[in-house]
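Subject: Structure handover

Dear colleague,

I am passing on to you the structure that I have been looking through, and my notes follow below it. Please keep it open while you read.

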Amino acid sequence: MTMNFLNGRLFESRIKKQDTTASERWLGYLAGPSGALLLNATLATYLNVYYTDVLGLTTLWGGVFLTIFPIVSKVIDAITNVIMGYIIDRTKSPQGKARPWLLFSAPLLTITGLLLFIVPQGSETLQAVWVMVSYNLFYSFAYTIFNMSHNLMVPLSTRNVTQRGKLSVFNQIALIMVTGIIGALVFPMIISPWWGIDRTKWITVMSILSIIALPLTLLEYYFTKERITEETGNAVPTVAYARQLKTIFTDRYMLIIFGYFLCYTVGMSLRNLSTIYYCNYVLGTYNDGSTMTILSVIGGLPMGIGIFAVWPLAKKFGKRNVTMVGLLLFSLGSAICWLFPRSMAIVLTGQFIKNIGGLPGAYIFMALFADTLDHIEWKAGFRCDGIAMSVYNIIPRGGKQAVEDAGGTLIATQPDSVQSVIVFGFVGLEVITGLISFVLLAFLTVEKDIGRKQKEIESRRALSESDSD
């Protein structure tokens, strides 16, 4: 797909240098993505609550609607991810192959975010249709376009491993710190007690979040740059899609990356789904406005402190090695919480240890993914960015759906009778996924000789250019 109309000055990146810049890190990778990521993080925690507590959809279709329609939606989502990966790999524009889709996603996120909450009050059939259509417009269309292009910004930014690692850290700050501050402080302490089950207040708050996503996503578009795409003049790959697919599924490093991310997302998704219920029915009282705040602030404090330590450690000891040590601490902290789920002091201690352990995986994982994409280019002779990212997105979303199917209905019905399920969802599963991830990363040695492989890629390109001349 050729987009020559993006050639005008209006659409040009504000980043001109070949080395990454401070404005690129702060505006393109931290501030820019925060709008869409905040919207998505809020939806992950509260959309199901809106459907059950505010709209009362738990009885729709005999109580099975909220179980069936997300399954159908995930099938649609998987298809659109594959299509989007194909399109990105074959997009040719002066602005790169992924960045143009950030531009298109900006207004789509706002419009579809609004549609999720302005469900008309009418017949149950009308509500069901509206929920299904709006849900798919946001997750399978608007957010898929944003998420695919956003996640490729770090891998396509530069081949400089150090600069790419710093961008990965800033990228994750947007996800962890910016969304965490709002989600962990403002919402449980102020917004949630204020809006209760008042539909108008819910719509007002979510409309504001949807609208904010528009200018911030445009900020990400204008303050990012695809240096790797520019190396080849944004040449569209001539290899068949099936060959690209075979390449990523026969590479052991990419399979490890996929397996690791699946474990991470399944654990995180069930934790996110369970957090509000854990605070309401196990550790605190319903909607008390303080339990969730205390848990998030004290337990999550390392995620803020660690910003300054994680990359120097990764640079000295290796991204994989630091992440593996972190995973052991992550599992230990989760186990402490699992053993004493009703003691605030012990749970806070466990969460503190867990989040110290989670620092490397949270902040530098995308740099490992970028190394793996470079490795595949060295190995196969062509890049597979779009298709790899589509699979990267499909696998965890499938895991997330499995979590919602297993836990969502139980939690929404009789909270007192399923406290053990809630506790397992909040901390228990992450003990298991942390240990599995540790074993997987023991076989991920991609960064060991990535510098040599990048030099060989550059030599091949120079030789090809001289032959064409």
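How much space lies in the second largest pocket? About 610 Å³ lies there, where a volume is the space filled by probe spheres set on grid points that are joined across faces, edges and corners. A pocket, on a 1 Å grid over the protein atoms alone, is an open set of points where a 1.4 Å probe fits, with protein on both sides within 12 Å along at least five of seven lines, and its lining residues have an atom within 4 Å of a point.

Before going further, please note that this is a predicted model, in which local features need pLDDT of at least 70 and side-chain atom pairs count only at pLDDT 80 or more, while totals for chains, interfaces and linings use all residues. Residues are numbered from 1 along each chain as its sequence is written, and side-chain values use heavy atoms, with hydrogens and water left out.

The second largest pocket is lined by 24 residues, and those closest to its centre are Thr232, Glu377, Gly381, Phe382 and Arg383. By class, this lining has eight nonpolar, six polar and ten charged residues (Ala, Val, Leu, Ile, Met, Phe, Trp, Tyr, Cys and Pro count as nonpolar, Asp, Glu, Lys and Arg as charged, and the others, Gly among them, as polar). Helix H8 (227–231) and helix H17 (450–468) each supply at least two residues of the lining, and H17 gives the most, with five residues. Helices here are DSSP runs of H or I with at least four residues, numbered from the N terminus.

Helix H2 covers residues 65–89, and Asp89 is found in it. Its 25 residues should span 36 Å at 1.5 Å a residue, and this agrees with its end C-alpha atoms, which are 36 Å apart (the expected span is 1.5 Å times one less than the number of residues). Asp89 counts as buried because its relative accessibility is 2%, where buried means under 20% relative accessible area, exposed over 50%, and partly exposed in between, with a 1.4 Å probe and protein chains only. Other buried residues of H2 include Phe65, Leu66, Phe69 and Ile88. Tyr86, which is also in H2, counts as partly exposed because its relative accessibility is 40%. Although Tyr86 and Cys384 are 298 residues apart in sequence, they are 9.5 Å apart in space, C-alpha to C-alpha.

The side chain of Asp89 is joined to that of Gln244 by a polar contact of 3.3 Å (a pair of N or O atoms within 3.5 Å, of which, within protein, one must be able to donate a hydrogen and the other to accept it, and residues adjacent in sequence count only if both atoms are side-chain atoms). Gln244 belongs to helix H9 (residues 241–249), where Tyr241, Gln244, Thr247 and Ile248 are buried. These four lie on the same side of H9 because they cover an arc of only 120° around the axis, the arc being that of the directions from the helix axis to the C-beta atoms. The face of H9 turned away from that buried side carries the exposed residues Ala242 and Lys246.

Finally, here are two residues from other helices. Gly326 is in helix H13 (residues 319–339), and it is buried, with a relative accessible area of 4%. Leu283, found in helix H10 (residues 252–283), is buried with a relative accessible area of 14%, and its C-alpha atom is 46 Å from that of Ile450, 167 residues apart in sequence.

With best wishes
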